[in-house]
Amino acid sequence: LPQFFYHRNTCVRRAALEVYIRRAYTAYNISCLSHSKLPDDTCVVLSQFTLPSSHPHRQAVTRRHSLISREESYSNLTDLVSKTQDVQREALMVALDSLEHADKFFQELLDLLQQHSLQNSPTTSLNEISDADSLSPLSISSTNNGNQLFDTAQPLPNILYLSIPSSSLEEGLMSDLEKLQKFVDKHSEQLTQYKIRRLTFLVIRDRTYPVYHTFRNRLNWTEDSIYRHLEPALAFQLELTKMSNFDIVRISVNNPTIHFYFGSAKVEGGRQVTDKRFFIRSIIGHHDLVDKSASLEYMIKEGERTFLEALDYLELFFTDPKYQPSDCNHIFLHVIPTVIINPLKVEEDLHKMAMTHAIRLLRLRVTVAEIKCRIRVCEEGQSSEEQNIRFFLICESGYYLNIYVYREIEGPNGKLIFESISLGRGRGPHHGMKAYYPYLTKDHLQSKRFTAQSMGTSYVYDFPEIFNQTLKLEWESYVEKNSPTEVCIPSELMVATELILTPDESGLEEVNRVPGLNNVGMVAWRLRLNTPEYPKGRDVIVIANDITFQIGSFGPKEDLVFQLASQLSRRLGLPRVYISVNSGARIGLADEVKRLFRVAWVDANSPDKGYKYLYLTSGEFAQLSKKGSVKAELIEEDEQSRYRITDIIGERDGLGVENLRGSGAIAGETSLAYEEVVTISLVTCRAIGIGAYLVRLGQRVIQVEDSHIILTGAGALNKVLGREVYLSNYQLGGTQIMHNNGE
């Protein structure tokens, strides 16, 4: 389309400019559109439009109760509710031959934008434009009358578009952007004086999409790099403002309809950024230039095509070291055409699409896919009013998918909020939230979840929900095999009660608390599972390592939780399920000693000859001896007093051989449980040392394909053997080894 801005026929040039404005602002209410000319017959298009209700810049104006006196009565109470005020903008677009051409007529363009009035204008359509001579310097098309072009009370209402051929910018040593910035700097005072909110350049290239550069008043007339190569009128449809909690870097991709961003969470100075994620956003437009609606088939097919292309780009950048580590990646699709559907019937198609690409989504760490569309609900041959609908596909745990549907409604303060549309699972997590509230940065649970999933397992507090999802599948399978009328599915399929140490650590107590509050690397639950075989429920004891707590190692408290939970299962006669994701017995380091100790080298100039002892200075020893962290003896060497370290105790418990003592206790407990109750172990990542013993001492072992059960790692064995015998831990304890041994 931009190629026709420079067509030799004036009528075609005007038509191209008008079509561009109407297409770019298709989501807006264009109240007036007019054509004009510069003194050299260059075509100019001016338009007035109203921001749509979903635009974040719409203002909510609440009528104050103080305006009503006590004597007044109000028959219509709805007038007291928050009202949304229409926000109007005015835009001028012109196709110029060069920056010199723009510089020559810049003042005329600003005057034209300021002086132009659309009151009581006749209607002129594209079909009425016959040739250039038949039009006066100001011929106007309007869709309604009585609209004032400028609202002087409204700040910065004006927008300016300048189209420039790329060939006109090729001369000279300066880059295109530098030339544009120089032009804007020259006219910045004029732009501010005429209340221009933004100036957008379209750099027109042959047979390809134009390049966009947008300069904003609020940025002191510097380029808004986030909007580079993006039509600003479409920006709100991409909802870029929702990424305001992140520092955003735009990533260029070949497809101009897909917008790729990399965000780093905004943190206080000096703190490390741990939340990094990709935002992929795209607009699915109309399939032609006439219809404003589309079929469900078009929405699904075009949506899946765009979705797959977004995943292809994510595949390219996901492994780039510059963007690692990324987590909680987000895909947003905005379907512009109105679709006549029942939103509750779309869930099956979305679920099928997500499950088809589930493995890829999990590998690329995509946790949220968001689809916004405007629909007209059609039921029994009758259509309702149009409404904005959001579909959220959320898979934070990596093992189960939730689909939530919301409609956008006006809240008490005039802002749009989400209202859940029931899909049989109650209100969704976004119910009642502002529709354009910024995305939250990664919370405590998501950080732990990312750590666990990076190691090839699930976060420990996700396992109860995995049990719950499995129960749902069991009941669905059971209903398919039996008559639905004869099956009564329990309203609650599982009840999980966490078991934690009592304050005196003499036993376990049942609690219901939010996930992630554990201060021990071993977590236990009592689960009541309502299965098809036992609809009234049966209990099991589940014990699991937390890989995110000191890499899942066994310390005194971890051993105690395991032992007490196993004893509980024996006492109640309940099956014991152990989920093994650990690193063996803990070998601790006294951090307070590590920061202070010094090394007495055999040869200070050649450390590779070894060391004689570790020591502390007098002041350092005095500091640590108060904590009981070390034992040392006083010596004199090199004319200074030194405290040679003989024993490192550490101020915290669980750093040394006490961990091995606990390991022996839980191994003995597992042997007792083997004789009295059902003992099942699940190895999802790794089982090392005492973790391997606990697994093999049980009755049944379920080992995930990419996990290993070992006592000592391949690296340590290779060093003992003096050569590379083992390539990985899977050669020592992978499924191909353990499965054969188990048989």
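User: Where in the chain is H430 placed?

Analyst: H430 lies in the loop between β19 (416-420) and α10 (444-454). Helices (H or I, at least four residues) and strands (E, at least two) are DSSP runs, numbered from the N terminus. This is a predicted model, in which local features need pLDDT of at least 70, side-chain atom pairs count only at pLDDT 80 or more, and totals for chains, interfaces and linings use all residues. Residues are numbered from 1 along each chain as its sequence is written, and side-chain values use heavy atoms, with hydrogens and water left out.

User: Is H430 buried or exposed?

Analyst: Buried means under 20% relative accessible area, exposed over 50%, and partly exposed in between (1.4 Å probe, protein chains only). H430 has a relative accessible area of 18%, so H430 is buried. Contact means heavy atoms within 4.5 Å. Not counting residues up to four places away in sequence, H430 touches F392, I394, Y406 and F418.

User: What is the relative accessible area of M433?

Analyst: M433 is in the loop between β19 and α10 as well. Its relative accessible area is 30%, and therefore M433 is partly exposed. Leaving aside neighbours within four places in sequence, M433 is in contact with L416, I417 and F418. The C-alpha atoms of M433 and E419 are separated by 8.3 Å, although these residues are 14 apart along the chain.

User: Which residues of helix α8 are buried?

Analyst: An α-helix has 3.6 residues a turn, so residues three or four places apart point the same way. In α8 (residues 347-356), the buried residues are E347, L350, M353 and A354. They are on the same side of α8 because they cover an arc of only 130° around the axis, the arc being that of the directions from the helix axis to the C-beta atoms. E348, K352 and T356, on the other side of α8, are exposed.

User: Which residues touch the most other members of the largest nonpolar core?

Analyst: A nonpolar core is a set of buried Ala, Val, Leu, Ile, Met, Phe, Trp, Tyr and Cys residues joined through side-chain atoms within 4.5 Å. The largest has 42 residues, of which F260, F278 and F391 touch the most other members. Elements that each supply at least two residues of this core include α7 (296-318), α8 and β17 (382-394). With 9 residues, α7 gives the most to this core. Among the contacts of F391, leaving aside neighbours within four places in sequence, are M299, L350 and Y404.
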